[in-house]
Amino acid sequence: MAALLEALLAWNGNVNQPTYSQAMKSPDVKKWIEVIMAKLGMLKGMGTWDDKLVRLPSGHHAIKAKWVLVVKRDTDGVIIKYKASCRPRRHAEGGSQLR
């Protein structure tokens, strides 16, 4: 019951686009981890992701990122695919960090 209450309190209002926290607390957590790991593998293969922490050059800032998760359903509402993408976060002012 506590897990259900916690999930409801964290709910963002869109069952087809859970937050990372919601996905990690959902019954489909293994599927979400699988698609996130697959996406990381693809990003590593393209050379756009590295697991190593590095010191940034002076005057440079790391780009904060977030996972965007989407559930794809067929016309009957049956889940056909879980999708994950890593996207840059937006500044508080509403603009992107990529400028």
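Biologist: Is S85 buried or exposed?
Modeller: This is a predicted model, where local features need pLDDT of at least 70, side-chain atom pairs count only at pLDDT 80 or more, and totals for chains, interfaces and linings use all residues. Residues are numbered from 1 along each chain as its sequence is written, and side-chain values use heavy atoms, with hydrogens and water left out. Buried means under 20% relative accessible area, exposed over 50%, partly exposed in between (1.4 Å probe, protein chains only). S85 has 15% relative accessibility, so S85 counts as buried.

Biologist: Which residues is S85 in contact with, leaving aside neighbours within four places in sequence?
Modeller: Contact means heavy atoms within 4.5 Å. With those neighbours left aside, S85 touches K39, K66, W67 and V68.

Biologist: Which aromatic pair does the structure hold?
Modeller: Rings of Phe, Tyr and Trp (its six-membered ring) pair if their centres lie within 6.5 Å; planes under 30 degrees apart are stacked, over 60 edge-to-face, the rest tilted. The whole structure has one aromatic pair. Its centres are 4.8 Å apart and its planes stand at 90 degrees, edge-to-face: W32 and Y82.

Biologist: How many residues apart in sequence are the parts this pair ties together?
Modeller: Helices (H or I, at least four residues) and strands (E, at least two) are DSSP runs, numbered from the N terminus. W32 lies in helix α3 and Y82 in strand β2, so the parts tied together are apart in sequence by 50 residues.

Biologist: Where is confidence lowest in the protein chain?
Modeller: pLDDT is the predictor's confidence in each residue, from 0 to 100. Helix α3 (residues 29–45) is highest, at 95. The lowest mean is 56, in helix α1 (residues 2–10).
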